[in-house]
Amino acid sequence: MRSLFLALFLRDLKLAARRRSDALLPLAFFALACALFPLGVGPLPQTLHDIAPGVIWACALLAALVPLPSLYALDHADGSLDQMLLAGDRAALGIAAAKAAAHWTTHGLPLALLAPGAGLMLGMTGVEAGVLCASLLIGTPCLSLLGAAGAALTVGLRNAGVLVVVLVLPLCVPVLVFGAGAAVAVQEGQSPLAHLALLGAMLLFTATATPPLSAAALRASLA
Amino acid sequence: MSWLTLEGHGVYVWCAYGVSAIALALQPWLARRRRRALRRREPRA
Amino acid sequence: MRSRLFRFAAPSRFYRLAERLEPWLWAAALAFAAAGLVMGLLVAPADAVQGESSRILFIHVPAAWMSMLVYLAMAGWAAVGWWLNARMASMLARALAPTGAAFTFIALVTGALWGRPTWGTWWVWDARLTSELILLFLYVGFIALAGAVEERRRADAACALLAVLGLVNIPVIYFSVRWWNTLHQGASITLSAAPKMAHTMLAGLLLMTLAMWSYAVAMALSRARCEVLEHEAGARWLKA
């Protein structure tokens with residue numbers, strides 16, 4: 001199963017590297033969405049500074065959800081997903097884990113590294129932006145894991161795109177609350193460690209609980 | 001029992017119970033309508 | 001013994017059982033509600049600080065309790081249906097979902113109507129209200145997924161998985177007032193200490209809870225019958 005995980009993970013990375021524009025689209029979406037807020041709310045530095053953590057986290061969440069429908073779509077369309085599942089019952093677990101890991105490496109990780117830039121654009125200080133980056137580094141894997149579970153549940157359905165967002169967003173709200181809360185804590189002069197610790201706990205929980213559920217969802221969706 | 005006369009906070013009490021009553025009464029009625037429509041679809045032998 | 005346990009897993013037997021039980025449950029719901037409303041609205045005293053708006057307690061709290069309980073039941077039945085491949089259990093789970101969503105909606109709306117005169121605001125983004133709102137979205141997601149998947153077995157499995165994923169939210173709602181400093185008041189009724197409210201208020205609250213519980217079961221059975229009619233269409237026992 002580990003070899004299946006590695007093989008699928010590296011394959012997805014290779015595919016993302018070949019279709020670089022596809023991989024960069026969610027990042028462009030993230031940047032555009034973040035830019036909407038100063039345009040809509042007004043350029044007052046204090047307001048932007050106060051809402052920056054929440055705005056960036058919310059845009060990161062939405063940007064993580066954008067590539068989800070196509071997570072399994074191409075493999076499902078040409079039948080290779082069915083083929084991979086034939087490898088055995090444990091195969092589904094490897095596939096689910098590999099897809100979540102690939103999603104995070106291609107979308108979550110660059111997002112977390114890009115976020116401090118967005119933070120500075122919205123008037124955050126360096127320390128706050130750093131904490132924001134840390135919270136995203138811990139939080140985006142949770143989003144990838146939960147999103148991959150949602151994608152597994154909705155493989156091949158007709159309005160999978162919007163349905164996956166409706167299903168996954170409520171589950172991601174705690175991650176959003178504590179992720180943004182970490183940076184807000186720094187803004188208020190408190191330690192972000194409590195929020196980051198809770199994020200870490202959520203990561204541990206999703207990393208252990210979600211892949212088996214995703215695997216079961218894959219097997220059910222393609223039974 | 002001043003809530004009866006709508007004075008003070010009585011209006012909130014009325015709205016709360018009113019909305020709940022509507023939500024609770026609507027459901028069995030809608031279910032019965034759906035059941036009747038489903039039965040009409042089913043041809044009787 | 002095992003066959004007795006699964007006796008009502010057959011849609012035909014479940015349908016007839018539901019048909020027979022429903023009138024009693026509706027009657028019980030109405031009776032409990034009448035007693036509870038008399039107790040809560042007429043007999044019990046108004047809160048010393050909040051005044052008459054505290055009467056909303058008797059609809060808000062039972063609805064909120066039921067919103068959580070129905071989710072647990074829904075997830076439980078969905079899991080049973082998926083695990084044991086019993087489609088009647090999955091149908092029951094799908095029947096519970098709109099009922100639970102309605103209770104969540106009632107809890108949120110009555111809570112807002114209670115919050116306005118007492119806290120001065122319709123809504124606040126504290127832990128309890130936010131997690132109850134998330135519960136509403138979880139119900140909506142469950143209903144959406146059940147409607148989006150056409151193949152029954154896949155729908156049953158997918159809904160079961162989704163319901164289990166969302167189970168984490170229920171303890172969050174319940175313990176939110178203990179874990180965080182929230183605007184919402186803390187627990188007045190705990191298992192370890194005497195309740196901190198007047199006896200008549202407690203009686204009214206418990207009666208209304210029983211009324212809501214009977215309503216929930218009756219409504220679930222009613223909707224389950226609709227599910228049976230829809231998905232067992234063409235079965236011989238239906239044509240009889």
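Mentor: Residues are numbered from 1 along each chain as its sequence is written, and chains are lettered from A and ligands numbered from 1 in the order in which they are written. As the model is predicted, local features need pLDDT of at least 70 and side-chain atom pairs count only at pLDDT 80 or more, while totals for chains, interfaces and linings use all residues.

Trainee: Which chains share the most contacts?

Mentor: Two residues are in contact if their C-beta atoms, placed from the backbone, lie within 7 Å. Chain A and chain B do not touch, with their nearest C-alpha atoms 24 Å apart. Of the two pairs of chains in contact, the one that shares the most is chains B and C.

Trainee: How many nonpolar residues has the side of chain B that touches chain C?

Mentor: That contact takes 26 residues from chain B and 28 residues from chain C. On chain B's side, six are polar, six are charged and the nonpolar ones number 14. The classes go like this: Ala, Val, Leu, Ile, Met, Phe, Trp, Tyr, Cys and Pro are nonpolar, Asp, Glu, Lys and Arg are charged, and the others, Gly among them, are polar.

Trainee: Which helix gives the most to the side of chain A that touches chain C?

Mentor: Helices here are DSSP runs (H or I, at least four residues), numbered from the N terminus, and strands are runs of E, at least two. The contact takes 16 residues from chain A and 18 residues from chain C. At least two residues each come from α7 (126–153), α8 (160–187) and α9 (193–221) of chain A. With six residues, the top giver is α8(A).

Trainee: Is A96(A) buried or exposed?

Mentor: A96(A) lies in helix α6 (residues 89–121) of chain A. A residue is buried if 20 or more other C-beta atoms (placed from the backbone) lie within 10 Å of its own, exposed if 12 or fewer, and partly exposed in between. Because A96(A) has 28 C-beta neighbours inside 10 Å, it counts as buried.

Trainee: How far apart in space are A96(A) and A148(A)?

Mentor: Leaving aside neighbours within four places in sequence, A96(A) is in contact with several residues, including A148(A) and L218(A). A96(A) and A148(A) are 52 residues apart in sequence, yet C-alpha to C-alpha they are apart by 7.1 Å.

Trainee: What radius of gyration does chain C have?

Mentor: Chain C comes to nine helices and zero strands. The radius is taken over C-alpha atoms, and the globule rule is 2.2 Å times the number of residues to the power 0.38. That rule gives 18 Å for 240 residues, so chain C is as compact as a globular protein of that length, its own value being close at 20 Å.

Trainee: Which residue in the loop between α3 and α4 of chain C is N85(C)'s spot about, and what is its phi?

Mentor: Most residues other than glycine have a negative phi. N85(C) sits in the loop between α3 and α4 of chain C, and with 13 C-beta neighbours inside 10 Å it counts as partly exposed. Its phi is positive though the residue is not a glycine, near 55 degrees.
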